[in-house]
Amino acid sequence: MFFKFISFAFLCFPFFIFGQSNNVHIDLTSQSYGELKVIHQIDELSDENNMLIFPSIIPGMYEENNFGQFIYNVEVTYKDGSKLIPKQKKTNAFILKNPSGIKQIEYTAKQTHQISPLSVGIFKPAGTNFNDSSYYLLNFHAIVGYFEGLQESAYKIHVKKGDRQGIGALEVEAKNEIDIIKAETYDQLVDSPFLYTTFKENDLIEFQVNNMQVQIAVYSENEIVNAAYFADELKTIVTEAAQN
């Protein structure tokens, strides 16, 4: 649920991690307006893992959004210290030379939300917004890619958050100013957006439905609404869904 100048996060339960892990680093404390620097590391790649891919279409949306269009300045760093700018295949994939020698891939992810409210862009619930440090809406399909053949590998997203609080549906390990968001697969990661901001009173509400803990988190630039505004209606919807 999204409104003008409002970002909303709705979460349920955590998951657990197995096997090989991607480590992705995002710093919310040092960024330019409308973009984030991203560093993507992985335990080991093989010759078959020769592309970094961003989704074209995501579940729940029927048109091609080509989220690779928001990824810029891609640079591959190898274990021997050398660097290479990879070739781009169409919009959504970057071709990796000698993948087994790669140490990390660094790039810029630009927000999908347009500066002008009249501009037509990505459907807002599926987009990203890095709004001048006020709040960060992170839909990971527009920020993080997967390596060819490794869509089922685990992810750890290291978010340097400063004094912000992050709300989302995945398991989070908090270490000082760093949140480590954990997902078992890439599909699980992109199905779980996060909202980071400094929440005010009544911007966060929790309630229990059967054995499920539900949180509602709202950011409103003009502070017209808060989580309490949605709580009763959403509690009714979740309760009815749990009974079916």
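Predicted model: local features only at pLDDT ≥ 70, side-chain atom pairs only at ≥ 80, totals over all residues.
Residues are numbered from 1 along each chain as its sequence is written, and side-chain values use heavy atoms, with hydrogens and water left out.

How confident is the predictor? pLDDT is its confidence in each residue, from 0 to 100. The protein has a mean pLDDT of 86, with 89% of its residues at 70 or more. Please be careful with residues 1-18, where pLDDT stays under 50. For that stretch the model has 64 contacts beyond four places in sequence, a contact being heavy atoms within 4.5 Å.

Strands here are DSSP runs (E, at least two residues), numbered from the N terminus, and two of them pair if DSSP finds at least two bridges between them. Strand 15 covers residues 171-175, strand 16 covers residues 178-183, and five bridges join them in the antiparallel sense.

Isoleucine 205 has isoleucine 216 as its bridge partner in strand 19. Two residues lie between these strands, and asparagine 210 in the turn has a positive phi of about 55°.

Why mention those phi values? Because most residues other than glycine have a negative phi. Asparagine 66 also has a positive phi, about 50°, and sits in the loop between strand 4 (51-53) and strand 5 (71-78). Asparagine 73 has a phi near 55°, but this residue lies within strand 5. Is asparagine 73 buried or exposed? It counts as exposed, at 59% relative accessibility; the scale is buried under 20% relative accessible area, exposed over 50% and partly exposed in between, with a 1.4 Å probe and protein chains only.

Now look for an open sheet of four strands, in the order 7-8-4-12, with antiparallel pairing. Strand 7 (87-89) and strand 12 (146-147) stand at the edges with a single partner strand each, so one side of each has no neighbour in the sheet. Strand 7 runs antiparallel to strand 8 (residues 93-95), joined by three bridges, and lysine 89 has alanine 93 as its bridge partner there.

On to the rings. The whole structure has ten aromatic pairs; rings of Phe, Tyr and Trp (its six-membered ring) pair if their centres lie within 6.5 Å, and planes under 30 degrees apart count as stacked, over 60 as edge-to-face and the rest as tilted. Among them is the edge-to-face pair of phenylalanine 54 and tyrosine 107, 5.7 Å centre to centre with 90° between the planes. Phenylalanine 54 is in the loop between strand 4 and strand 5 and tyrosine 107 is in strand 9 (residues 102-110), so this pair ties together parts 53 residues apart in sequence. Phenylalanine 54 is buried, at 1% relative accessible area, and tyrosine 107 is buried at 1% too. Ring pairs link Phe54, Phe94 and Tyr107 into a cluster.

Finally, the charges. The structure holds six salt bridges, each a side-chain nitrogen of Lys or Arg within 4 Å of a carboxyl oxygen of Asp or Glu. One of them joins lysine 161 and aspartate 179, at 2.9 Å from N to O. Lysine 161 lies in the loop between strand 13 (154-160) and strand 14 (165-168) and aspartate 179 in strand 16, so the pair ties together parts that are 18 residues apart in sequence. Both lysine 161 and aspartate 179 are buried.

Lysine 175 is partly exposed, at 46% relative accessibility, and glutamate 173 is partly exposed at 28%.

Notes. pLDDT = per-residue confidence, 0-100.
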